[in-house]
Amino acid sequence: MTAEAAPVVAAPIPDRLDLLTRLSDRLNPILVREVQQAVKGRVFVLTVLGALFVNVIIALVVASNYKGGATGGRGAFDAGLATLAPLLLFIVPMQAYQSMQSELRGGMIEQLLMSELRPLRIVAGKLGAAMVQFVLYLSVLSPLLATSYLLRGVDLPTIAVCLSCALVFCVAATSFAIAAALQGMLPAMRPIAWLGMAFGLGSASLGMVGYIGSGQCLRDVGWLLRSSEFGMVTSAVLCGAIAGTALMALVAQAYLAHTFENRSTGFRVFLLLAPPLSFAWVYTFVQASHRDDVVPVATFLLSLLGIVFGIFMVSEQQKLSPRVRAHVPRNAALAACSSIFLPGRDRGMACWIAYFVLLAGLALVLWPATGRGFLNMPQSFARVSTLTLAYAAIYLTLGKWLRGRLPETVVFNHGARFLMPLLVVVGCLLPLLFDVLVIGGVDNWHFGHLLNPFWTIDRAVRDSGAAIRGLVWTLGGGCLLVQLPAMVRGLLEVTAAAAARRAQAATVAPASAVEG
């Protein structure tokens, strides 16, 4: 008889290693992979070595020229921060850009989308990897920044504000780079996106280096820390960066999502949240003496934001995709309320109108009571705003009609978005060419220039332009009235999809009971 083999017992895994393994499994896999690739890459190693070399050179120069006083510390901090700026505003975003581009060219992005990873999680992993690089680059230069504090001339609040702004700008630039990289899904846009990113990030980096190196950055931060406007400025920078990052993440998510996925709801929620959050910021951080100027400017900028979003909303495909139709809420009331958030250009026009109703209501309730405003005359501001809104309604209606004449594919969505600004250019240039070729010169405004919003608004805001104002308002209101049947049709499509889901659920439930 042969002896039985003793069972092999696996060596126990140390508790610490087991904990680290479980934690790494819970992390974003894109984050783990991006960090591993970045650390192993040549660019990261060369960048770190270059930063260390510059770090040593700056330390030697500061030590050789140090004669006491506060200038040595300020000079060391300026040099260290100027070295950090291109790393955070150019190197880190461009690495994220190149990483996303390589995945698009290699077909890796399709494999990721076939996994359980959602598009937003892929984008979050890319941003998380950029933040890890931020910490690594900051740790390389941290000895120099700490030395600048010990040499006097720079206090801890100044260092904290500068590094916080560096983090915010790095996140915003990286999110912009990721969104720009996904433009490469359209082959014709790849060289344009690359040139735009390289030029934009390079210009921003050089400008920031010059701003910091001149010493103006520390002077401005010192003034800001002593000023009563510290909360307003810092919150504006932070909120603007958060909003921009969220918008770029939505853009990247939309490009990564399948054609039949719902790519509109996130943008429409973002748009409708912008007015209440903006006014909440104004009445939280802006002093009462400054609201007379800030509220009109914020209202006008929010109006422009709504117009830009409107171009995208009214150029979508008309009908719900099968994927979106299958996820419409079953409840009839909930489906009707969510209609403006669902894809489709008819529902996009309804969302656009709801946005401006919300903006107008908030502006009327929260408008400063003193009466001073952006244009020094509230009546002129009201005329400019309403005329701009009327022209937006006119051109969006024309663009929506033009989109309806094009094939119902995603490619023609982009084509319609390009043609809508072109309609404004044509509406401005054709009457001018007519005046030059037929009349012999451009002398005065006439009704042939009615589609020129810039010249017409300039004439209509005057007291003598009552007839022009009335005509433009009538045309804008008429365009909105023309859209009512289409908006009702978009609502009925959503309620019909909800009714179909309810009927399907009622059919499936008895069948399941019989099988049970």
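**Aromatic Pairs and Pockets**

Student: Is Tyr355 buried or exposed?
Tutor: Tyr355 counts as buried, because its relative accessibility is 0% and the limit for that label is under 20%. Please keep in mind that this is a predicted model.

Student: And what about Phe356, buried or exposed?
Tutor: Phe356 has a relative accessible area of 10%, so this residue is buried.

Student: How many aromatic pairs are there?
Tutor: The count comes to four aromatic pairs. One of them joins Tyr355 and Phe356 in an edge-to-face arrangement, with 5.2 Å from centre to centre and 85° between the planes.

Student: Why is that one called edge-to-face?
Tutor: The angle between the planes of Tyr355 and Phe356 is 85°, and planes over 60 degrees apart count as edge-to-face, which means that this pair receives that label.

Student: Which residues do ring pairs link into a cluster?
Tutor: The cluster consists of Trp352, Tyr355 and Phe356.

Student: Changing topic: what volume does the largest pocket have?
Tutor: The volume of the largest pocket is about 1100 Å³. Its lining comprises 35 residues, and those closest to the pocket centre are Ala254, Arg263, Glu316, His414 and Arg417.

Student: Which elements give two or more residues to that lining?
Tutor: They are α10 (230–256), α11 (265–285), α12 (291–313) and α17 (410–439). The largest share, five residues, is supplied by α17.

Student: What does the lining of the largest pocket have by class?
Tutor: There are 18 nonpolar, 10 polar and seven charged residues in the lining of the largest pocket.

Student: And the second largest pocket, what is its volume?
Tutor: For the second largest pocket the volume is about 660 Å³. It is lined by 22 residues, of which Cys239, Gly240, Ala243, Ala274 and Ser278 are the closest to its centre. At least two lining residues come from each of α10, α11 and α12.

Student: What classes of residues does that lining have?
Tutor: The lining of the second largest pocket has 19 nonpolar residues, three polar ones and no charged ones.

Student: One more residue: where does Phe309 lie?
Tutor: Phe309 belongs to helix α12. With a relative accessible area of 10%, Phe309 is buried.

Student: Which residues is Phe309 in contact with, leaving aside its neighbours within four places in sequence?
Tutor: The contacts of Phe309 are then Leu247, Phe267, Phe270 and Leu271.

Student: How many residues apart are Phe309 and Arg268 in sequence?
Tutor: Phe309 and Arg268 are 41 residues apart in sequence, while their C-alpha atoms are 8.4 Å apart in space.

Technical notes. Residues are numbered from 1 along each chain as its sequence is written. This is a predicted model: local features need pLDDT of at least 70, side-chain atom pairs count only at pLDDT 80 or more; totals for chains, interfaces and linings use all residues. Side-chain values use heavy atoms; hydrogens and water are left out. Rings of Phe, Tyr and Trp (its six-membered ring) pair if their centres lie within 6.5 Å; planes under 30 degrees apart count as stacked, over 60 as edge-to-face and the rest as tilted. Buried means under 20% relative accessible area, exposed over 50%, partly exposed in between (1.4 Å probe, protein chains only). On a 1 Å grid over the protein atoms alone, a cavity is a set of points where a 1.4 Å probe fits but cannot get out, and a pocket is an open set with protein on both sides within 12 Å along at least five of seven lines; lining residues have an atom within 4 Å of a point. Grid points are joined across faces, edges and corners, and a volume is the space filled by probe spheres set on the points. Helices (H or I, at least four residues) and strands (E, at least two) are DSSP runs, numbered from the N terminus. Ala, Val, Leu, Ile, Met, Phe, Trp, Tyr, Cys and Pro count as nonpolar, Asp, Glu, Lys and Arg as charged, and the others, Gly among them, as polar. Contact means heavy atoms within 4.5 Å.
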